[in-house]
Amino acid sequence: ALDVAPPVVTIEAFFEGDEVALAVDDHPELTWRVVYGSFTAPRVVEADEPGSTLLRGADGLPRAEGTIDVPFIAVVPASVRDGAAGIPVLFGHGFFGGRDELEGFAARNIMNAVGGVGFAIDWQGMSDEDIGRVVATVGGEVSKSIDFGERLPQAMVNWQALSRAVKTGTFFGHEAFTRPIMRPGRSEVRVPVIDVSRPLSFIGISQGHILGGTMTALNPDVRRAALQVGGAGFSTMMFRARPFTRFLFLMDYSMPDALDQQKLHAHMQSHLDRFDPASYARFLLDDVVTVGPSNEPVGRRALLQMGVGDPQGPNGGTELHARMLGVPVVTGSAKAPIFGLHGVDAPHRGSGLFAYGFGIDTSFYETATPAADGNAVHEAVRRSPEALEQLDRFFHDGVIVNPCGARCDVEVPDGTPQ
């Protein structure tokens with residue numbers, strides 16, 4: 001469908017320089033431009049709205065028909081304004097969030113640190129516009145509480161369309177993604193601010209790790225995937241993760257019997273398997289998907305970054321994903337050894353897991369319930385200077401380094417929320 005109807009990009013507005021402060025709340029100096037627009041993607045759902053179902057033919061099989069418009073946000077960091085063209089980086093937002101997370105300090109700080117032009121879209125099906133329907137079903141029509149999964153394939157299609165648009169230079173027709181240069185004896189010309197000859201990278205944080213593990217396994221254009229503070233095994237993670245507490249609270253009303261809840265949790269996984277990164281782990285680095293265009297796994301690399309004692313993205317989910325991917329623990333990780341994973345020395349030119357320690361007591365993992373209290377770990381990893389250095393080397397060189405020189409037990413960065 002993308003070959004027949006390549007993505008069409010529309011730029012609606014962009015802010016530059018001092019105007020960036022109109023689009024972001026803090027540290028505008030990190031960012032040169034913020035761009036808003038949309039692009040077209042093949043439509044694979046009945047309607048482009050929460051609660052919609054997969055578009056199916058008379059034979060019951062999913063199909064594509066026409067296109068939908070997908071809103072995006074892009075940021076061009078100050079490091080690209082002041083230096084060479086940036087690398088292309090896709091950004092996947094967190095738990096039922098939205099593309100506007102790219103406008104936040106942490107995401108823009110990442111882009112500035114790695115010299116990346118960042119692009120973000122919503123995880124349709126698990127974004128902020130879907131949360132109302134999910135809450136209503138969990139609190140009432142429990143049998144429909146997993147229906148949001150019908151919409152998630154559209155999100156995966158949207159990411160592939162965005163990747164195609166970035167890699168083919170479709171964005172370069174607008175001044176927001178170019179800059180003027182003067183050549184001796186010639187008139188001014190505009191050149192792209194993105195170097196599309198560099199590997200297309202992805203960073204997914206929390207839910208962005210989880211769904212990004214599926215998306216990057218299917219997407220032939222993404223070559224380097226940084227998956228941070230998430231994991232695999234949806235039903236295992238959800239009922240141990242603090243963000244899911246609100247849904248457990250509602251479930252107590254709609255399904256008060258604890259044994260009934262356990263039965264539901266067990267049966268949910270068969271539906272969650274449709275988009276769980278555990279189902280797609282072998283396609284991320286090794287196997288070719290047997291239907292449709294090749295996902296081109298050969299040469300793709302993945303860096304899993306974990307914070308020891310994370311109450312929002314349980315470490316068990318990250319470690320499970322690493323085992324299913326067959327990646328090693330890189331020397332310097334704050335947690336090693338890890339069951340079922342071998343070790344490898346840094347620097348490591350390949351895929352791997354690396355954990356950061358912040359001195360957090362992990363005893364709350366002893367019970368299979370969300371932690372009663374929060375801590376800074378989930379947010380601290382994305383803000384850690386050491387993790388940023390590691391991301392920069394991974395995106396640019398495909399190498400996982402130990403940024404600490406020894407075991408990576410580090411300080412929680414100032415200003416990190418819990």
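## The disulfide

In this predicted model, a disulfide links Cys-404 and Cys-408, with 1.6 Å from S to S. A search of the whole structure finds one disulfide. The link of Cys-404 and Cys-408 is right-handed, with 70° about the S-S bond.

Cys-404 is partly exposed, with a relative accessible area of 28%. Cys-408 is buried, at 0%.

## Nonpolar cores

The largest nonpolar core holds 78 residues. Phe-72, Phe-119, Leu-162 and Phe-177 make the most contacts inside it. Helix α4, residues 152-167, gives the most to this core: eight residues.

In soluble globular proteins, nonpolar side chains tend to be buried together.

## The largest cavity

The whole structure has three cavities of 30 Å³ or more.

The most come from α6, with three. By class, the lining of the largest cavity has eleven nonpolar residues, five polar and no charged ones.

## The second largest cavity

The second largest cavity has a volume of about 100 Å³. Its lining includes Phe-95, Phe-96, Met-126, Val-134, Ser-145, Phe-244 and Met-268. Met-238 is also one of the lining residues. Eleven nonpolar residues and one polar residue make up this lining, with no charged residues.

Definitions and conventions: Residues are numbered from 1 along each chain as its sequence is written. This is a predicted model: local features need pLDDT of at least 70, side-chain atom pairs count only at pLDDT 80 or more; totals for chains, interfaces and linings use all residues. Side-chain values use heavy atoms; hydrogens and water are left out. A disulfide is a pair of cysteine sulfur atoms within 2.5 Å. Buried means under 20% relative accessible area, exposed over 50%, partly exposed in between (1.4 Å probe, protein chains only). A nonpolar core is a set of buried Ala, Val, Leu, Ile, Met, Phe, Trp, Tyr and Cys residues joined through side-chain atoms within 4.5 Å. Helices (H or I, at least four residues) and strands (E, at least two) are DSSP runs, numbered from the N terminus. On a 1 Å grid over the protein atoms alone, a cavity is a set of points where a 1.4 Å probe fits but cannot get out, and a pocket is an open set with protein on both sides within 12 Å along at least five of seven lines; lining residues have an atom within 4 Å of a point. Grid points are joined across faces, edges and corners, and a volume is the space filled by probe spheres set on the points. Ala, Val, Leu, Ile, Met, Phe, Trp, Tyr, Cys and Pro count as nonpolar, Asp, Glu, Lys and Arg as charged, and the others, Gly among them, as polar.
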